Amino acid sequence: MSATPPPDAVRDGDLIAAIDLGSNSFHIVVAQRVLGQLRVVDRLRETVRMAEGLNALGGLDPAVRDRALACLDRFGQRVAHIPRRQVRAVATNTVRQLRNPDVFLRPAEAALGHPIDVISGREEARLIYLGVAHEQPPEPSQKRLVIDIGGGSTECIIGRGFQPLERESLQLGCIASTRRFFPNGKLGRKRWQAALTEVELQFQQFAATYRNLGWDEAIGTSGTHKALANICAAMKASTGGISREALHKVRDRLLMASRIEDIDLPGLSDDRRPVIAGGVLVLEAAFAVLGLEHLQVSKAALREGVLYDLLGRDGADDPREASVAALMQRYGVDVAQAQRVERTALMLFDQVAADWKLGREDRAMLSRAARLHELGLAIAHSGYHIHGAYVLQHSDIAGFSQQGQRFLATLVRCHRRSVPKSAFEQLPERLQPSARRCAALLRLAVVLHRARRDETLTGIRLSASGNTLRLHLERRWLQARPLLRADLEGELEDMLDLGVALVLDLA
């Protein structure tokens, strides 16, 4: 893919927006690009407490759902005038935990007026680190530990410069931990110590790796860290961050209350009081297991990372391109064949994009799928399309949302052989039409290059009308390739399972 910025890239003066659907709060930040930099022009935050509505079966309490939708409706009004591709919304742990996320996402996207990407814990960690690194630029060789305690999960990242080296996400957050360990609101030292032991075990999973790698400074981000820094300052326990000693003083004073609603900490807002116990618990465990003495607090978080990531997608810094290249190398993809298929797939795409209403993002996903369609050959030739799709759907791939990975996996799954009736059910309804059409284009490109040799495909033209694809070929050229003709005739039936009628037009 070319590193040249596309015609509709974000330019100086343009606005971009990031929306973060966190488990505790929803945030929106709007920034303007000025001389290549971002200048924040507006911020909004609402306490939604999505994690409070999550039940053990993966359902969402209707009252919490309505609260979330009302917030997104207000956020939607703020970004209504910003072009769609200059807005990105991401959903985190609570939406990840829903049994059927689409039941929430469909009305949520309608309220916001923009698609919502569900991101994995490790992708969330990458974006958090990106936000902190841009807001507080590090020295090139400096290593940082960044900890983000959200409402439903905690992300821990070690990075150097602007690149994360290690990323972990734990199912621990200020709301989730408060609900889990203090379900009836009761506090006590015995209960606290039992909970602390359990939380420390979660950090032990990666503590040795992190401590061996080391870091030069530790930074905390998110509402929990900001609240604790304010409390530490109000108690005159520490200034300029959170120290181990100050954290223990906060914990001791917190445990003077017998119930959560009675917690009395200076500088603690009423809004944060119901969830502060879980946040302190998680941070105390992190300090103990990782051997921390002091933590700086950053104003940046996930939403700032989303903004900078959005800018990077316009040029050579798109992390998805680096991820595709890494996957090709890791799984030994035949680069020459991948490039043949990619060139032809994009040639076909460009011929029908207008009639099929396919956009730039569809083109980019088709390009990536073409480069990765043989990834599964590293596992086995038999059913390699199935193996490749599984890897793409279930790996942590930097830069991709869960929906993006499923889109990519679906194209790879459907590029050969029969198409399962359920192949597209895992995708949001808004993505299914373009996924079916991109899959049809990829199938044609793969068939046209079955011989695996460089060949000029002269006289090939594709046109589209509704759900009908018409492939125009020179009769003499096709007659000289009986295997290709047989493959194309087989596609006449297989394409129907994509909802596409393929017609061969021989001249």
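# Notebook: loops and helix contacts

I began with Ser-141, which lies in the loop between helix H4 (121-135) and strand S6 (143-149). I keep in mind throughout that this is a predicted model. I looked up the accessibility of Ser-141 and found 58% relative accessibility, so I put the residue down as exposed, the cut-off for that word being over 50%. Leaving aside its neighbours within four places in sequence, I noted that Ser-141 is in contact with Arg-160 and Asp-216. I also looked up the spacing to Gly-159, which is 18 residues away along the chain, and the two C-alpha atoms are separated by 9.8 Å.

Not counting residues up to four places away in sequence, Asp-396 touches Ser-120, Arg-122 and Gln-405. From Asp-396 to Tyr-331 I noted 65 residues in sequence and 15 Å in space, C-alpha to C-alpha.

**Positive phi**

I then looked at backbone angles, bearing in mind that most residues other than glycine have a negative phi. Arg-49, in the loop between strand S3 (37-47) and H1, has a positive phi near 55°. Arg-417, which is not a glycine either, has a positive phi of about 60°, and its place is in the loop between helix H15 (402-413) and helix H16 (432-448). Are these residues buried or exposed? Arg-49 is buried, with a relative accessible area of 10%, whereas Arg-417 counts as exposed at 52% relative accessibility.

**H1 and H3**

For the helix pairs I started with helix H1 (residues 62-78) and helix H3 (residues 101-112), which pack at an angle of about 30° with their axes 7 Å apart. Angles under 35 degrees count as roughly parallel, and H1 and H3 are therefore roughly parallel to each other. Their crossing is right-handed. On the H1 side the contact is made by Arg-65, Ala-68, Leu-69, Leu-72, Asp-73, Phe-75 and Gly-76, and on the H3 side by Phe-104, Pro-107, Ala-108, Ala-111 and Leu-112. By class, I wrote down 9 nonpolar, 1 polar and 2 charged residues for the contact of H1 with H3.

**H11 and H13**

I went on to helix H11 (residues 319-330) and helix H13 (residues 360-372), whose axes are 10 Å apart and which pack at an angle of about 15°. H11 and H13 are therefore also roughly parallel to each other, and H11 passes H13 in a right-handed crossing. H11 brings Arg-320, Glu-321, Val-324, Leu-327 and Met-328 to the contact, while H13 brings Glu-361, Arg-368, Arg-371 and Leu-372. What classes do these residues belong to? The contact of H11 with H13 has 4 nonpolar and 5 charged residues, and no polar ones.

**The buried side of H8**

My last entry concerns helix H8 (residues 244-254), in which Ala-246, Leu-247, Val-250, Arg-251 and Leu-254 are buried. These residues cover an arc of only 140° around the axis, so they lie on the same side of H8. An α-helix has 3.6 residues a turn, so residues three or four places apart point the same way. Looking up what the buried residues of H8 pack against, I found helix H6 (189-213), helix H7 (223-234), strand S10 (242-243) and helix H9 (276-290).

Terms used
Residues numbered from 1 in each chain as written. Predicted model: local features only at pLDDT ≥ 70, side-chain atom pairs only at ≥ 80, totals over all residues. Heavy atoms only, no water. Axes fitted to C-alpha atoms, helices over the stretch in contact; angles between N-to-C directions. Helix = DSSP H or I, 4+ residues; strand = E, 2+ residues; numbered from the N terminus. Parallel < 35°, antiparallel > 145°, perpendicular 65-115°, else oblique. Left-handed = near helix turned anticlockwise from the far one by under 90°. Contact = heavy atoms within 4.5 Å. Nonpolar A, V, L, I, M, F, W, Y, C, P; charged D, E, K, R; others polar. Buried < 20%, exposed > 50% of the residue type's maximum accessible area, 1.4 Å probe, protein only. Arc of directions from axis to C-beta.
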